Amino acid sequence: MKTGVIYCGDCLVKLKDLTSESVDLIYIDPPFNSNRNYSTSPKTTGDRRFDDRFDGVNDYLDYMKPRIKELHRVLKPTGSFYYHCDWHASHYIKVLLDNPDLFGYDNFQNEIVWCYRSGGASPRRRFSRKHDIILFYSKTGEYVFNGLKERSYNRGLKPYRFQGVAEYRDNAGWYTRVGMKDYWEINMVGRTSRERLDYPTQKPLALLERIVFAGSNEGDIVLDAFCGSGTALAAAQKLGRRWIGIDVSPAACDLARERLKSRDL
Ligand SMILES: C[S@@+](CC[C@H](N)C(=O)[O-])C[C@H]1O[C@@H](n2cnc3c(N)ncnc32)[C@H](O)[C@@H]1O
């Protein structure tokens, strides 16, 4: 199958051209049902905008279901699927993906919480909403997963000296290395960030690098069917994976193509 390409059009149509069970890892960051119309500053080149408005949650789910069905078809039996969403519909999407015709309850692996800091007015009648949800499903029980490790600081930041447990120290104190947890604190792509491409809702490369590393091996095929500025594809390229992108917006496709040509992703 041809890789290193970005198809411009509705993924429902474009996915029909992909062979069944040919892709190792799928990440999607589609509209969230946020009832917003995203755009960038008028100074930005191209028409970088996309509409995230549906006629209620059922309309949104009716829109996503046939697209998820196609994504499920093209995924290899050893593949994984990561669906990026937020509070607007994550609970409905999880129920949809639990459907045995799609991924199934038993293939749910993680609800990853991506926590970020961003400015904005604090609501007076609830807590500030500062995380997204990434639902991770495998296609079967046999799937690629490369675990990652993170630092876990010791209580009191002192050494425990347990036998057989390696301990390390940095400026903050003593820590051990443990399996990464399912909540991740990663900065958003801020206004002054070097990686900023002025694409609305651009996701940080560090977030996608984690997902691509964990869910695929070198040489594998990574698909993002709502690729926007191409962050998942950039992560795949950086980590030695092959990739396929799809986006309905010609401005997004142009931007992602330019980004993927550059050595500085
Ligand atoms: C949230 S953005 C993706 C942002 C991307 N993850 C990034 O880091 O830049 C969602 C994208 O989905 C695209 N999109 C919406 N409906 C689509 C469809 N039916 N097929 C393909 N792309 C679609 C939009 O044009 C938009 O670029």
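Select N35, which is partly exposed, with 13 other C-beta atoms within 10 Å. Here a residue is buried if 20 or more other C-beta atoms lie within 10 Å of its own, exposed if 12 or fewer, and partly exposed in between, with C-beta atoms placed from the backbone. The model is a predicted one: local features need pLDDT of at least 70 and side-chain atom pairs count only at pLDDT 80 or more, whereas totals for chains, interfaces and linings use all residues. Residue numbers start from 1 along each chain as its sequence is written.

N35 is found in the loop between β2 (23–28) and β3 (36–39). Helices (H or I, at least four residues) and strands (E, at least two) are DSSP runs, numbered from the N terminus. Inspect the backbone of N35: its phi is positive, about 60°, although N35 is not a glycine. Most residues other than glycine have a negative phi.

D198 is partly exposed, with 16 other C-beta atoms within 10 Å.

**Second stop: the sheet of 8 strands**

Display the strands in the order β1-β13-β12-β2-β5-β7-β6-β11, which form an open sheet with mixed pairing. Two strands count as paired if DSSP finds at least two bridges between them. β1 and β11 stand at the edges with a single partner strand each, so one side of each is left without a neighbour in the sheet. On average, neighbouring strands of this sheet are turned by 20° against each other, direction ignored. Axes are lines fitted to C-alpha atoms, for helices over the stretch in contact, and angles run from 0 to 180 degrees between N-to-C directions.

Within this sheet, select β2 and strand β5 (residues 75–85), which pair in the parallel sense over 5 bridges. Y27 has Y82 as its bridge partner in β5. Helix α2 (residues 57–74) packs on the sheet, touching β2, β5 and β12, and its direction makes about 145° with that of β5. Contact means that the C-beta atoms of two residues, placed from the backbone, lie within 7 Å.

How many residues of β13 are buried? The count is 6 of the 6, so β13 is largely enclosed by the rest of the structure. R242, I244 and I246 point one way from the strand, while W243, G245 and D247 point the other way. In a regular strand the side chains alternate between the two faces of the sheet.

β1 runs parallel to β13 and is joined to it by 4 bridges, with Y7 opposite I246. Strand β12 (residues 221–224) also pairs with β13 in the parallel sense, over 4 bridges, and D224 stands opposite G245.

Helix α6 (residues 250–261) lies across β1 and β13, running at about 170° to β1. The buried residues in α6 are A251, A252, C253, L255, A256 and R259. Their cover includes β1 (5–8), α5 (231–238) and β13 (242–247).

Select β8, β10 and β9, which form an open antiparallel sheet in the order β8-β10-β9. Its edge strands are β8 (149–153) and β9 (168–170), each pairing on one side only. Neighbouring strands here are turned by 50° against each other on average, direction ignored. β9 and strand β10 (residues 173–179) pair over 3 bridges, and R169 has W174 as its bridge partner in β10.

Pick V178 in strand β10. V178 is exposed, with 10 other C-beta atoms within 10 Å. Not counting residues up to four places away in sequence, V178 touches K149, E150 and S152.

Then pick P159, in the loop between β8 and β9. P159 is partly exposed, with 15 other C-beta atoms within 10 Å. Leaving aside residues up to four places away in sequence, P159 touches N154, E167 and W174.

**Last stop: the ligand**

Select the ligand and the 20 residues around it, of which D29, F226, G228, S229 and T231 come nearest. A residue is near a molecule if its C-beta atom, placed from the backbone, lies within 6 Å of it.

Technical notes. The expected span of a helix is 1.5 Å times one less than its number of residues.
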